[in-house]
Amino acid sequence: MIIKRLVLSLILFGSVGLASADYADGMRYYERQEYRQALQEFGDAARGGDADAQYMLGRLHEAGNGTAQDFVQAHKWYNLAAARGHRHAAEARDSLAQRMTAGQVAEAQRATRGWQPEEQASSQATERARPDIETLSDRQGIAEIQRELNRLGYDAGPVDGAMGRRTRNAIRQYQADRDMAQDGRATAELLKRLRQTERREVAAPSEPPPAAEPRVALQDDFSDGDYRRDPPWTVLSGDFEVDENGLRSIVETRRTTDRESRRLSAERPEEIGLAMLALILEQTGNAGQDEVSVPVEPAHIFVNAPVDNAFRMELDVASRQRPGSLELGVFQGNRPSGTGYRLVYTPGSRPGLSLVRLISGSAEVVARHEGSLDLEDGRFHRIVWTRDEDGQMQVRVDDQRLLRVQDNGLRDPFQGVVLANQGGDYTLRRISLEE
């Protein structure tokens, strides 16, 4: 009897590890930045109709990782993934289309219409039978949850049965989208609900509806080597330079108690960031408990880029050391340090990301990501911040939504973008702002 159960367990575990092997192998190569191998593995799965692999192929072609940069191919794969219900593909496709010519978009759409999935072996072409939940071990159950999350477009990482941060974050995001308790736990009840969740039907991508042309308020990749022109950025304090990677700022920090940092006045522009950091610590119950890092001399820079109250901001940023914080925001009027919204990234802290509304030196946290956020891996990370006409704001980091809130505290148009280094080593490679 014991041998029989062991054999059954091995069979079930084998089927868990075998399905979507190309995609899982591709993710392992991708995480190790072995992009050529990832391209091959994703390609094998994508040509068979795997939406997750198609989306990843789009990312590789858009960035030029493992292959020549090709927006037409990237648009095609995003479009195919969107047609199969991938929850991030349509947004990625539409964002990319804004950087393409009309001819390139038309070519990509023709390529999409002419695409057909390749024939696969019958063992892979037929849908895999889902094993009974009651028969699964803990590891097999986690693997099944990973598979279902990936099927629905939540990036749970490789289907390996290991409960890591990506899987836990994907579970929390799924739970948040369905108004469930966001505990991030892999349970039998969660797997049951995941299996009952079907992909939203998406219209065929051959003829996407025409969209209004967005107005670009700011577009800068610092390729000219000078932040003071086209467009002109203005330094308020600290030092900035442009190197081969983009706009860089390095600010040293010193350790002090949170109580001392809260004595700083928010009336001076160079101290507003410290006041906001103290506010975040206070609202999360961390105030007065630990030492905090404060900048020796903060670095502030801004650029005028008038934009409507509804906007879309996209940027690539890298962080190279943990202490301190980085602020990015939009401001109203003629004071970059005044009224507006600020996105505050605090490495190694909880919350790691907060959205603050600033009015006349008074700051209020309107949303925060409860988990920590560590970007200090030597790579650039994409941040997308959107706000619609109803005041609904969302912030995504590397295609994962971390913040969502509706706030109508500020209704007037914004005048520009401000960046503040409150301690750390940050590089801004690219930024765009449109309405």
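This is a predicted model: local features need pLDDT of at least 70, side-chain atom pairs count only at pLDDT 80 or more; totals for chains, interfaces and linings use all residues.
**Aromatic pairs and a covered strand**

Tyr 174 has a relative accessible area of 0%, so this residue is buried.

In total, ten aromatic pairs are counted in the model. One of them brings together Tyr 55 and Tyr 78: the ring centres are 5.7 Å apart and the planes meet at 45°, so this pair is tilted. The angle decides the label here, because a pair is called stacked under 30 degrees, edge-to-face over 60, and tilted for the rest. Where do the two tyrosines of this pair lie? Tyr 55 belongs to helix α4 (residues 51-63) and Tyr 78 to helix α5 (residues 71-83), so the contact ties together parts that are 23 residues apart in sequence. Both Tyr 55 and Tyr 78 are buried.

Tyr 174 itself takes part in an aromatic pair, with Tyr 154 as its partner. Their centres are 5.6 Å apart, and with 80° between the planes the arrangement is edge-to-face. Tyr 154 is found in the loop between α9 (138-151) and α10 (165-177), while Tyr 174 is in helix α10, so this pair ties together parts that are 20 residues apart in sequence. Is Tyr 154 buried or exposed? Its relative accessibility is 3%, so Tyr 154 counts as buried; the cut-off for that word is under 20%.

Aromatic rings also gather in a group: Phe 311, Tyr 341, Trp 385 and Phe 414 form one aromatic cluster. Arg 429 places its charged end over the ring of Phe 380, 4.3 Å from the ring centre. In the case of Arg 228, the charged end sits over the ring of Tyr 227, at 5.8 Å from the centre.

Strand β7 (residues 299-307) is mostly covered, with seven of its nine residues buried. Which strands pair with β7? One is β2 (residues 233-237), which runs antiparallel to β7 and is joined to it by four bridges. Within this pairing, Ile 301 of β7 stands opposite Val 235. Another is β16 (residues 414-421), also antiparallel to β7, with seven bridges between the two. Here Phe 302 has Val 418 in β16 as its bridge partner.

Methods
Residues are numbered from 1 along each chain as its sequence is written. Side-chain values use heavy atoms; hydrogens and water are left out. Buried means under 20% relative accessible area, exposed over 50%, partly exposed in between (1.4 Å probe, protein chains only). Two strands pair if DSSP finds at least two bridges between them. Rings of Phe, Tyr and Trp (its six-membered ring) pair if their centres lie within 6.5 Å; planes under 30 degrees apart count as stacked, over 60 as edge-to-face and the rest as tilted. A charge sits over a ring if NZ of Lys or CZ of Arg is within 6 Å of the ring centre and within 35 degrees of the ring normal.
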